[in-house]
Amino acid sequence: MILVFDVGGTGVKYGTADEQGNFLAQGRFDTPVSGLEEFLEKVEDVYRQAGDVSVIEGLAFSFPGEVHSREGVIRGISAVPYIHEVELKSILERRFFGLPVTMANDAKCAALGELWKGVAQKCGNVVFVICGTGIGGAVIEHGKLYRGVTMNRGEFGNFPMGGFENGELLTWSDYTLEKQARKYGEKRNRTITGKELARLAEAGEELAVGLLDEFYYRMAVGCIILEFSFDPEIIAIGGGISENQRIIQGIRKKTEELLEGQRPGYLRPNICACKGGNQANLYGALYYYLHQDVMEE
């Protein structure tokens with residue numbers, strides 16, 4: 001059995017799985033904020049609660065950030081700062097008695113999960129756009145994950161989308177549904193989620209309608225850029241919004257509106273939702289653990 005973790009900015013999902021991807025037990029805990037030691041203690045608690053620890057063969061992790069899987073170091077930035085610039089893989093292996101540990105980027109794990117168990121099972125060339133607080137992504141070509149020289153291939157959230165504001169480059173990640181909800185909250189002096197923003201927009205609330213439409217516009221423009229950059233079979237939208245068909249339909253509709261009247265033969269993105277939802281990262285982390293020797297680095 002393999003103990004699998006998906007580490008996010010607010011929560012950590014985990015489960016115990018066999019090599020066929022059958023999860024026998026799953027759970028969640030809040031992402032520790034105090035530092036790495038508290039995180040390790042939480043992971044150790046899950047390990048000891050897994051039952052007979054002698055059946056645990058190894059641990060597989062999905063992490064945010066620029067994950068250098070073989071080196072075992074996370075660079076770049078993420079919402080979990082204490083996992084960066086430390087020999088994390090070695091630390092975890094020592095903590096868990098020399099058991100093998102793998103680690104891979106969360107968006108890449110989502111892609112691998114969908115390639116194995118989800119929407120991309122019969123596809124060789126797929127682009128993934130993983131939407132949460134920010135935007136991550138991944139590119140599958142000829143059935144393999146390619147991550148680039150610095151492991152940043154597919155980090156579409158860094159696409160410049162809105163020029164400059166106060167000297168800072170506005171990127172695709174600045175227009176996620178959650179970021180739009182924050183903008184709403186700042187103007188209305190209340191805290192809402194992306195789901196709540198969508199509900200307010202559906203009810204006709206003017207500010208919410210405008211912010212949601214801007215989200216759809218940025219998503220549509222991003223998908224059109226990706227279509228011409230990679231010419232994939234499908235563009236798969238993952239993350240929390242993948243479970244909301246109205247949101248996926250809204251992205252498709254806006255894309256069609258932007259492309260209406262374009263010349264014949266102008267590429268149209270084939271946009272679909274990931275099937276695994278928030279579980280895709282767990283499947284992908286497990287897949288990486290099982291197939292790391294043949295994965296592209």
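Predicted model: local features only at pLDDT ≥ 70, side-chain atom pairs only at ≥ 80, totals over all residues.
Residues are numbered from 1 along each chain as its sequence is written, and side-chain values use heavy atoms, with hydrogens and water left out.

**Stop 1: H1 and H2**

Select residues 36–49, helix H1, and residues 88–95, helix H2. Helices here are DSSP runs of H or I with at least four residues, strands are runs of E with at least two, and both are numbered from the N terminus. The two helices pack at an angle of about 45°, with their axes 11 Å apart. Axes are lines fitted to C-alpha atoms, for helices over the stretch in contact, and angles run from 0 to 180 degrees between N-to-C directions. H1 and H2 are therefore oblique to each other; angles under 35 degrees count as roughly parallel, over 145 as roughly antiparallel, 65 to 115 as roughly perpendicular and the rest as oblique.

Now show side chains: Leu36, Glu37, Leu40, Glu41 and Glu44 of H1 meet Leu88, Ile91, Leu92 and Arg95 of H2, where contact means heavy atoms within 4.5 Å. That contact has five nonpolar, no polar and four charged residues. In this scheme Ala, Val, Leu, Ile, Met, Phe, Trp, Tyr, Cys and Pro are nonpolar, Asp, Glu, Lys and Arg are charged, and the others, Gly among them, are polar.

**Stop 2: H3 and H8**

Next, pick residues 106–117 (H3) and 280–291 (H8), whose axes are 6 Å apart at an angle of about 85°. H3 and H8 are therefore roughly perpendicular to each other. Among the residues in contact are Cys109, Leu112 and Trp116 of H3, and Tyr283, Tyr287 and Leu290 of H8. Colour this contact by class and you will find eleven nonpolar, three polar and three charged residues.

**Stop 3: H6 and H7**

Move on to residues 206–230, helix H6, and 245–259, helix H7, which pack at about 65° with axes 8 Å apart. That angle makes H6 roughly perpendicular to H7. The contact includes Phe215, Met219 and Ile224 of H6, with Ile247, Ile251 and Leu258 of H7. Its class count is twelve nonpolar, two polar and three charged residues.

**Stop 4: the second largest pocket**

A pocket, on a 1 Å grid over the protein atoms alone, is an open set of points with protein on both sides within 12 Å along at least five of seven lines; a cavity is a set where a 1.4 Å probe fits but cannot get out, and lining residues have an atom within 4 Å of a point. This pocket has a volume of about 310 Å³; grid points are joined across faces, edges and corners, and a volume is the space filled by probe spheres set on the points.

Of its 14 lining residues, the closest to the centre are Leu212, Asp213, Tyr216, Gly250 and Lys253. H7 gives the most to the lining, with six residues. By class, the lining has six nonpolar, two polar and six charged residues.

**Stop 5: the cavity**

Finally, which residues line the largest cavity? Select Asn125, Val126, Val127, Val139, Ile140, Glu141, Phe230 and Pro232. The space inside is about 30 Å³. Strand S9 (135–141) and strand S8 (126–131) each supply at least two lining residues, and S9 gives the most, with three.
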